[in-house]
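Here's a quick walk through how the pieces of this chain sit against each other. Have the viewer open and follow along.

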Amino acid sequence: MLIALEKEAGRPTRELFDWVAGTSTGGILALAIIHGKSMEYLRCLYFRMKEQVFKGSRPYESAPLEDFLKTEFGENTKMTDIKFPRVMVTSVLADRHPGELHIFRNYDPPSVSREAPYTTTATFKPLTIPQEQLVWRAARSSGAAPTYFRPMGCFLDGGLLANNPTLDAMTEVHQYNKALKAEGREKDTKKLGIVVSLGT
């Protein structure tokens with residue numbers, strides 16, 4: 001579908017959207033889209049990934065996937081190296097109970113104060129900020145599917161909590177706009193228009 005959309009528009013997919021979101025393999029696609037990869041290229045990427053990463057039986061070795069992602073995105077590319085469009089990739093923080101949704105972004109998160117959904121006495125190390133987060137690690141964290149690959153540190157596959165991240169993306173846009181308005185930057189807000197949701 002994205003191949004047809006890109007052909008019809010006559011422009012790269014990354015130029016068609018202000019925000020791109022993804023979970024698991026969709027997270028890898030979202031990151032590839034913002035890096036300017038064409039949809040035809042991404043179709044071939046899936047076949048290459050199948051041949052290079054999914055060897056043997058489950059659980060698969062993580063090193064081939066990590067090497068594949070480093071080759072595609074660069075070993076030192078940071079999330080904030082690409083400013084537009086905004087991207088959010090979901091993962092699950094599995095070092096707490098219950099697990100929590102985590103969003104890797106290429107922008108600073110909206111600074112809207114929220115109450116925690118439950119009380120906790122646990123203390124956790126601060127997570128990496130977007131300016132320090134490596135793209136390949138965000139992709140690997142989003143796709144750390146149990147029984148397929150081992151966890152990526154404290155992260156598991158985003159699909160465990162956000163299999164379809166559409167509502168999470170819409171909420172993020174709303175909270176981002178709300179934070180901008182609170183800072184007196186209403187002209188920088190983006191009105192939610194068309195939402196395209198595709199399953200991978």
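## Helix 3 against helix 4

Keep in mind that this is a predicted model. Let's start with helix 3 and helix 4, which pack with their axes 10 Å apart and at an angle of about 150°. With angles over 145 degrees counting as roughly antiparallel, that makes helix 3 roughly antiparallel to helix 4. The crossing of this pair is right-handed.

Which residues of helix 3 meet helix 4? They are Tyr41, Leu45, Arg48, Met49, Gln52 and Val53, and on the helix 4 side you'll find Pro64, Leu65, Phe68 and Glu72. Sorted by class, the contact of helix 3 with helix 4 has seven nonpolar residues, one polar and two charged.

## Helix 1 on helix 3

Helix 3, spanning residues 39-53, also packs with helix 1, residues 2-9. Here the angle is about 160° and the axes are 9 Å apart, which makes helix 1 roughly antiparallel to helix 3. Helix 1 and helix 3 cross in a left-handed way.

For the contact itself, helix 1 brings Leu2, Ile3, Glu6 and Lys7, while helix 3 brings Met39, Glu40 and Arg43. By class, that contact comes out at three nonpolar, no polar and four charged residues.

## Helix 4 and helix 5

Now for the other neighbour of helix 4. Helix 4 covers residues 62-73 and helix 5 covers residues 135-142; their axes are 9 Å apart, at an angle of about 140°. That makes helix 4 oblique to helix 5, and their crossing is right-handed.

The helix 4 side of this contact is made by Ser62, Leu65, Glu66, Leu69, Lys70 and Phe73, and the helix 5 side by Val135, Trp136, Ala139 and Arg140. Those residues split into six nonpolar, one polar and three charged. Leu65 is worth a click: it is listed in the contact with helix 5 and also meets helix 3.

On to the strands. Strand 2 (residues 86-93) and strand 3 (residues 100-105) run antiparallel and are joined by six bridges.

## Another cis bond

There's a cis peptide bond between Arg58 and Pro59 as well, with omega at about -10°. Where is Pro59? Pro59 falls in the loop between helix 3 and helix 4, the two helices we began with.

## The annotated active site

According to the UniProt annotation, from an unreviewed entry, "active site" covers Ser24 and Asp157. These positions are spread over 134 residues of sequence, yet they cluster in space, with a largest C-alpha distance of 5.9 Å.

Where does Ser24 lie? Ser24 is in the loop between strand 1 (19-23) and helix 2 (25-34). Its backbone deserves a look too: Ser24 isn't a glycine, but its phi is positive, at about 60°.

Methods
Residues are numbered from 1 along each chain as its sequence is written. This is a predicted model: local features need pLDDT of at least 70, side-chain atom pairs count only at pLDDT 80 or more; totals for chains, interfaces and linings use all residues. Side-chain values use heavy atoms; hydrogens and water are left out. Axes are lines fitted to C-alpha atoms, for helices over the stretch in contact, and angles run from 0 to 180 degrees between N-to-C directions. Helices (H or I, at least four residues) and strands (E, at least two) are DSSP runs, numbered from the N terminus. Angles under 35 degrees count as roughly parallel, over 145 as roughly antiparallel, 65 to 115 as roughly perpendicular and the rest as oblique. A crossing is left-handed if the near helix is turned anticlockwise from the far one by less than a right angle, and right-handed if clockwise. Contact means heavy atoms within 4.5 Å. Ala, Val, Leu, Ile, Met, Phe, Trp, Tyr, Cys and Pro count as nonpolar, Asp, Glu, Lys and Arg as charged, and the others, Gly among them, as polar. Two strands pair if DSSP finds at least two bridges between them. UniProt positions are given in the numbering used here, feature names are shortened, and annotations may be inferred rather than shown by experiment.
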